Amino acid sequence: MSKFWIIASDVYKKNVKSVSFVIMILVPFIVMGIIYAAGSLAGGFSEETKVGLVSDNQELATQLAKSKTDDYTFKVVSSQDEAEKQLKDKDLEAFLVLDTKNDQVQGKLYAESSLGTTTELMMSQMLNGLQSSLKASKLNLTADQLASLSQPANFEKTKVSFDDNGKMTTGQDNTGIQSAMSFVITIILWVIIITYASIIAQEIASEKGTRIMEVILSSTKAQTHFYGKLTGVILVALTQIVIYAAAIGIGYSQLKNLDMVKSLLEGLSTTNILGSFLYFTLAFFVLGVLVYSVLAALCGSLVSKPEDTAKAVQPIIYIAMIGYFIGISLGTTDPQNIVIKVSSYIPLISSFIMPIRLASETVTNTGAMISVLILVVFGVLLTMFSAKLYKSNVLVYSEGGVLKSLKQSISILRNERKKVAK
């Protein structure tokens, strides 16, 4: 065990002290700072968008010009030719031709570049409001009558369950916050996999590339070396997670009294967050990190040179991508789809899919437990297989690629078993 921890500690210290790790830690904070600064300064530096208004109804155009918004202001222009001239001279950012003939509002916006989706959406909503007012006036409807016609229908979703006697009871629907949490954890899992898969493979393959593995194996077992390397990189990933968790905790303690934070957390309690959903989701997250780490280590052990690790880990990235996109695409749009049901029990991709099914409450705790057990058994078998294969291929320097190295390593492993059996 002392040699195991020496190897793990050496790998951990080397990666944590590296410049790349510091940059990797700081990048999310820098990005959030830039986004915050851009949002805070946007209002002070943004110029008022002037939109020319050409209409056959001058009274209506004058009324619209008096109404101002934070995004744009209207300026009445006598004709379309004049609006084109002012647009060419940069006196206007765009102009809107408004036609109200036959009680039908028609608006056409002319602009050299986009005004932004928010501004264009607000203009569309304004025209819809004008259309409704014209129709109401034609039908002799009052403002109250028009408001009643525009009132949307009320729609509520209620979570129900049935007790042992078959009686239906209602409860609180937590699928919204649960879905948000599952998406965040799934994205974090995806980022960790694509970040650390190459790091783990690089660590495992580093000594093979320098051809000093013979010296290392003279003082320690191959499997001890494998587990030490793997544990060291996993501890690096754990350190990054702990730093972000601490940052979130500190940020919450400093910002919890802000109105924006209070509105986001309104109606949220520990009963919404804690429970079987969170425990299972964290279990899938941890198991997913461990299983993909072992798989990355296996791929790293099959290469002869560290330069080949990028190619070796590509299949891992593709597998993770499949699980990620199945979960994200079908998790919200069609959680009852047979594809997402079946794939939530398949190891490697179940870590992405089952948390989303748990969030939408389309699977029971029993189903989640079965998926966890399958993933645990798969992870244990993969780890044992990878360690034994590493012992066989650690001194194999094949130039034929990963598949050829895998076949050669399995052949060596079989021959060793035959010798032991004899």
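Modeller: This is a predicted model. We can begin with Glu84, whose place is in helix α4 (residues 80-88).

Colleague: Is Glu84 buried, partly exposed or exposed?

Modeller: Buried means under 20% relative accessible area and exposed means over 50%. The relative accessible area of Glu84 is 38%, so Glu84 is partly exposed.

Colleague: Which residues gather with Glu84 in a patch of negative charge?

Modeller: The patch lies on the surface. Asp and Glu count as negative. Together with Glu84, the patch holds Asp81, Glu82 and Asp91.

Colleague: Turning to the rings, how many aromatic pairs are there?

Modeller: Rings pair if their centres lie within 6.5 Å. By this rule the number of aromatic pairs is eight.

Colleague: Is the pair of Trp190 and Tyr324 stacked or edge-to-face?

Modeller: The ring centres of Trp190 and Tyr324 are 5.4 Å apart, with 20 degrees between the planes. Planes under 30 degrees apart count as stacked. The pair of Trp190 and Tyr324 is therefore stacked.

Colleague: How many residues apart in sequence are the parts that this pair ties together?

Modeller: Trp190 lies in helix α7 (residues 175-210), and Tyr324 lies in helix α14 (residues 314-333). The pair therefore ties together parts whose separation in sequence is 134 residues.

Colleague: Is the pair of Tyr324 and Phe325 stacked or edge-to-face?

Modeller: Tyr324 is buried at 14% relative accessible area, while Phe325 is partly exposed at 48%. Their ring centres are 5.3 Å apart and their planes are at 80 degrees, so the pair is edge-to-face.

Colleague: Which residues do ring pairs link into a cluster with Tyr324?

Modeller: Trp190 and Phe325 belong to the cluster. With Tyr324, the linked residues are Trp190, Tyr292, Phe325 and Phe352.

Methods
Residues are numbered from 1 along each chain as its sequence is written. This is a predicted model: local features need pLDDT of at least 70, side-chain atom pairs count only at pLDDT 80 or more; totals for chains, interfaces and linings use all residues. Side-chain values use heavy atoms; hydrogens and water are left out. Rings of Phe, Tyr and Trp (its six-membered ring) pair if their centres lie within 6.5 Å; planes under 30 degrees apart count as stacked, over 60 as edge-to-face and the rest as tilted. Helices (H or I, at least four residues) and strands (E, at least two) are DSSP runs, numbered from the N terminus. Buried means under 20% relative accessible area, exposed over 50%, partly exposed in between (1.4 Å probe, protein chains only). Patches are made of residues with over 30% relative accessible area and no salt bridge: like charges are joined within 9 Å, nonpolar side chains (Val, Leu, Ile, Met, Phe, Trp, Tyr) within 5 Å. Accessible areas come from the Shrake-Rupley method with a 1.4 Å probe; for residues, only the protein chains shown count as cover. A salt bridge is a side-chain nitrogen of Lys or Arg within 4 Å of a carboxyl oxygen of Asp or Glu. The place of a charge is taken as NZ of Lys, CZ of Arg, CG of Asp or CD of Glu.
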